[in-house]
Amino acid sequence: MKKNVLIIGAGGVAHVAAHKAAMNNDVLGDICIASRTLSKCEQIIESITRKGHLKDTSQKLYARQLDALDIPATVALIQETHSEIVINLGSAFLNMSILEACIETGVAYIDTAIHEDPDKVCETPPWYANYEWKRKDRCAEKGVTAILGAGFDPGVVNAYCALAAKRYFDKIETIDILDVNAGSHGKYFATNFDPEINFREFVKVWTWIDREWKEYPTHSVKRMYDFPVVGSCPVYLNGHDELHSLSKNIDADSIRFWMGFGDHYINVFTVLRTLGFLSHLPVTLTTGQEVVPLKVVKALLPDPMTLAPGYIGNTCIGNVVKGWKDGQRREVFIYQVSDHHACYEEVESQGISYTAGVPPVAAAMLVADGTWDAKTMVNVEELDPEPFIAILDRIGLPTEIKEIEPCSAATFDGTVRDLAQELSESTATVTVSAANPMIAVAPKPR
C-alpha cells in the first residue's frame with residue numbers, strides 16, 4: 001500500500017483532482033497541494049472545505065509553495081510530506097523535472113500530458129521517445145511506478161483502446177478518438193485549459209494511418225458526427241498525445257484523433273496564427289523589450305478557472321473502434337458524457353477540467369492499493385483497463401458503450417481522402433459584427 005499524495009499544480013485540473021482526492025482520502029492518506037502561487041493552493045483547500053469533501057478528517061489537507069523546475073526543492077518537499085504518490089498537474093514544461101525528483105526519491109509518478117520543451121512544438125513522433133521513455137529503464141531499475149498520460153485524453157481513451165482489445169475485438173482495424181465540447185461559457189473567446197498549451201498542440205497534425213506517421217495541415221480534415229446527448233458536431237483531424245504511445249502499444253492499422261471546433265474558434269485561431277500571435281518564439285519590440293507573442297495572448301484571455309460558474313452544456317469524448325469479433329465485423333463507440341453545470345455543482349469546476357482531473361485520482365487509488373503499482377514506466381493502455389474504468393464509473397465519469405451497425409448511417413468514417421478534397425470541405429463561415437462582436441458567437445435561432 002502506498003499512502004500520501006502530493007498534487008503539483010493549482011489550475012483547473014488540479015482543483016478537480018484535489019476535490020476527488022479529498023473525497024477518497026481514506027485510501028490516499030494525506031494530501032498536499034503545491035504550486036508556485038501558494039494562494040491558489042489555499043483557494044482549492046477552501047473550496048474543498050466549504051463543500052465538505054474531506055472524507056476522513058483525521059488525514060491532513062494542506063498547501064506548500066514550490067517551484068517544480070527546482071528538482072532538489074521537489075525532492076525535499078516529497079520527503080517532508082512523506083508522499084508516496086506524486087500527481088503532476090502543473091504545466092507540461094515541468095514533467096521531466098518532477099519525474100526526476102520522483103525517480104530520485106523512489107515514489108510513484110502520475111501525469112496527464114506529454115512533456116513539452118518551451119522552444120519546441122509538436123515534436124517528431126513518437127514524441128514520448130524524446131523525453132519520458134528515455135527514463136523507462138531507470139524507473140524499472142529503481143522499481144518506480146510512472147504512469148504517463150492519465151487524464152482523459154490521453155488517459156481514459158487509452159484505457160478504452162485496451163478495453164476494446166481485451167473484451168470487444170479479436171482484431172482491431174481502426175480507432176478514431178473523438179473529443180467534442182458542446183458547452184457554452186458565454187465569453188467571446190476562451191480556451192478551456194491553459195491557452196499556451198492549447199494553441200501549441202494545434203501547430204501540426206501528426207496522425208497514425210496505415211501503420212505509419214502522416215502529417216496534415218491544421219484544421220484541414222473535417223467531419224460531422226451525430227454524438228450521443230450533444231448531437232451533430234464538427235470534428236477536425238488533429239495530432240494528440242495519446243497517438244504517440246497507442247501507435248506503439250495497440251495493434252491497429254490506423255489510430256486517429258479528432259477534436260471538435262466551432263467556426264468561431266477556427267476563425268479566431270486562424271487570424272491569431274496568421275498574424276503571428278501564436279508564435280512560441282520571442283520577438284523584440286521597438287522599445288528593446290523581448291516578448292513571446294503566445295504568452296501575451298495567454299495573458300489577455302480569460303483564466304479557464306473563471307469559466308466554470310456560467311458554463312452550460314455537455315462534453316462527449318470516446319473511441320469509435322472498428323474490427324472483427326468471432327469472425328464478424330464489429331463497430332463500437334466507447335464514450336463518456338459530462339455536464340458542465342453538474343461538474344460545477346459538485347466541485348466548482350467546468351467539464352473539461354473535470355474530465356481531466358478525475359482520472360489521475362482514480363489512477364492514484366489503483367497505485368495505492370497495488371493494482372496499478374507497475375514498478376516501471378507505463379502508458380495507460382499497458383495496464384488493465386477494467387479496474388480503472390470501474391473506479392471512474394463510481395467517482396464521476398461513467399462509461400457508456402454503444403454498438404454501431406458496421407457501414408450504417410451511424411458509423412464514423414475517419415478515412416482521410418485526397419487533401420485537395422478535404423480542404424475544399426473544411427472551410428468555416430463566420431458572421432462578424434464590429435458593433436457587437438458577440439453576434440459571432442450568439443446561438444443560431446432554431
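**Close-up views of a predicted model**

**View 1. The two annotated regions.** Over residues 151-396 the chain is 34% helix and 30% strand, with the end C-alpha atoms 14 Å apart. Helices (H or I, at least four residues) and strands (E, at least two) are DSSP runs, numbered from the N terminus. This stretch carries the UniProt annotation "domain: Saccharopine dehydrogenase-like C-terminal", from an unreviewed entry. For residues 5-147, UniProt lists "domain: Saccharopine dehydrogenase NADP binding", also with an unreviewed entry. There the chain is 41% helix and 17% strand, and the end C-alpha atoms are 15 Å apart. Such annotations may be inferred rather than shown by experiment. The model is predicted: local features need pLDDT of at least 70 and side-chain atom pairs count only at pLDDT 80 or more, while totals for chains, interfaces and linings use all residues. Residues are numbered from 1 along each chain as its sequence is written, and side-chain values use heavy atoms, with hydrogens and water left out.

**View 2. Strand 11 and its neighbours.** Strand 10 (residues 222-227) pairs with strand 11 in the antiparallel sense over six bridges; two strands pair if DSSP finds at least two bridges between them. M224 has P234 of strand 11 as its bridge partner. Three residues lie between the strands in this hairpin, where V229 takes a positive phi near 70°. Strand 11 also pairs with strand 12 in the antiparallel sense, over four bridges. Here L237 stands opposite W258 in strand 12.

**View 3. The second largest pocket.** This pocket has a volume of about 220 Å³. A pocket is an open set of points on a 1 Å grid over the protein atoms alone, with protein on both sides within 12 Å along at least five of seven lines, and lining residues have an atom within 4 Å of a point. A volume is the space filled by probe spheres set on the points, which are joined across faces, edges and corners. Of the 17 lining residues, E173, T174, K322, R329 and T415 are the closest to the pocket's centre. Strand 7 (171-181), strand 12 (254-260) and strand 16 (328-339) each give two or more residues to the lining. Strand 16 gives the most, with three residues.

Methods:
1 Å grid on protein atoms, 1.4 Å probe; cavity = no way out; pocket = protein on both sides within 12 Å on 5 of 7 lines; lining within 4 Å.
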